[in-house]
Amino acid sequence: TGAIGLYNVGQSCCLNSLLQVFLMNIHFTRILRRITVPLHAERKRRNVPYQMLLLLEEMQCGKQKAVFPIDLARCLSGHRVKLFVQHDAAQLFLTLWNLIKNQMTKPELVEELSYLYTIHVQEHLTCQKCSLETKRNSSMLTLPLPMLDVDSRVLKTLEDCLHHFFRPEELTDHNMCFCEQCGRKTPFLQSMKLVHLPQTLTIHLKRFCFEESAYVHKLSHYLPFPQDLDFNAVLTENQCQADDNEKASWQYELFAVVAHSGSTNCGHYCAYIRSLTECKWYCFNDSQVCQVSWDDVKCTYGHSNLNWAETAYLLIYMKKRPQ
C-alpha cells in the first residue's frame, strides 16, 4: 500500500508529513525515479532527490511498519534545514521543492516538476485616474489564502477564501502607485487573475496571524473544505485569464491534508493522505500509520473554542482524470 511510517528523528513531524505527501504522490515519484544518480559518494550524501529516492525504495521494499529518514535529514541539514526546531509546513514545503528542483540535472525533469506544481497568475494594475493598465505574469507554488477578510471578519468556507484572494483591491492614500501617464502618484486598482492550475495544487491556509504587536497567534476557527473543488464554479470570469481548454481541467479532488495541532510555539504536524492506488484515506503521524474515514479528515476543519485542536494547514488537491 505504501502506507509506511517515518520515525521522528528530532522534532521532524513537519518534515515527515511533507515527505509522505511527496512520496505518496505517484506523479511526483514517476519523476523522482528518473533522476540521474550522482557519481561520487559525497554528492550522493548531499543530493536531496537521490536521498528521497533511497528513502522511497526503503519504504516500499522493507518489511517494517516505519523507517528512519536519518540520511535524508542529514542531507537536508547540510542545506540549512535544521533538526530539533519547529518548522512551518508552508515554508518547509517551498524549501524542499526548491532543493529538489535545483538538484535535478535533467532539464526535462525540472520542466515536468514545475508543470506538476506551479500555479500561473497575471497581476493587473490599473490607474483610477487615466485607466492606464499594466500586466505582469508571475508564478507561485502555493495559493496562500487568507482566513480573514479586509475587516478582520472570519471567512466561513474555502470557496470564500479563494474568492477573497482573487478579489480586486484599491490602492489609495499611502498605498498609491506612481502613474507614468499622469506623472504622479494616483489611486490604483490591483487585481490578480488565474491563468493556469497544476496537476498537484497546494493551498496554504494562513492560520498563523501577525498582530500589530508582532505577536503571532493561530486562527483555529471552523473552515470546511470540499472533497471536490471546481474552480469554474468558485471564481468569476473577471478573476480568470484562461482559455476554455485550460478551464476544462480545473476539476479537483482532495489528495492530502497537512494538519497542525497545538500553538504557534509548541505544535505537532501529521498528514492525512488518500492513497491514489487504493482510494483509501490514511493518517500518517510519524511512525504511526492507520486507515481513517472522511469523517476523521473533517475533524481538521477547526474549532474556535479549541485552540490546541488539529486544524488543516495545507490542502493538496489533485486534478481529476478526464471523463
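**Figure 1. The hairpin of S16 and S17.** Two residues lie between strands S16 and S17 in this hairpin, and Asp-286 takes a positive phi near 55°. The model is a predicted one: local features need pLDDT of at least 70, side-chain atom pairs count only at pLDDT 80 or more, and totals for chains, interfaces and linings use all residues. Residues are numbered from 1 along each chain as its sequence is written, and side-chain values use heavy atoms, with hydrogens and water left out. Strand S17 covers residues 288-292 and runs antiparallel to S16, with five bridges joining the two. Tyr-282 has Gln-291 in S17 as its bridge partner. Two strands are said to pair if DSSP finds at least two bridges between them. Strands (E, at least two residues) and helices (H or I, at least four) are DSSP runs, numbered from the N terminus.

Figure 2. Buried means under 20% relative accessible area, exposed means over 50%, and partly exposed lies in between (1.4 Å probe, protein chains only). Strand S15 (residues 267-274) runs antiparallel to S16 and is joined to it by four bridges.

**Figure 3. Thr-277 in the loop between S15 and S16.** Thr-277 sits in the loop that links these two strands. Thr-277 is exposed, with a relative accessible area of 63%. Ile-26 is 251 residues away from Thr-277 in sequence, yet their C-alpha atoms are 8.9 Å apart in space.

**Figure 4. The open sheet S4-S3-S9-S6.** Four strands form this open sheet in the order given, with antiparallel pairing. Strand S4 (133-140) and strand S6 (169-171) are the edge strands, each pairing on one side only. From one strand to the next, the twist averages 30°. Strand S3 (residues 119-127) is joined to S4 by eight bridges, and the two run antiparallel. Thr-126 has Glu-133 of S4 as its bridge partner. Strands of a sheet pair through backbone hydrogen bonds, either parallel or antiparallel.

**Figure 5. Packing of helices H4 and H5.** Helix H4 (residues 48-61) and helix H5 (residues 70-77) pack at an angle of about 170°, with their axes 9 Å apart. This makes H4 roughly antiparallel to H5. Axes are lines fitted to C-alpha atoms, for helices over the stretch in contact, and angles run from 0 to 180 degrees between N-to-C directions. Angles over 145 degrees count as roughly antiparallel, under 35 as roughly parallel, 65 to 115 as roughly perpendicular, and the rest as oblique. From H4, the contact is made by Val-48, Gln-51, Met-52 and Leu-55; from H5, by Asp-71, Leu-72, Cys-75 and Leu-76. Contact means heavy atoms within 4.5 Å.

**Figure 6. The protein as the setting for these views.** The protein has eleven helices and 18 strands. Of its 323 residues, 49% are buried. Along the principal axes, the C-alpha atoms fill a box of roughly 70 × 50 × 45 Å. Among contacts with a separation of 6 or more, 66% are between residues 24 or more positions apart.
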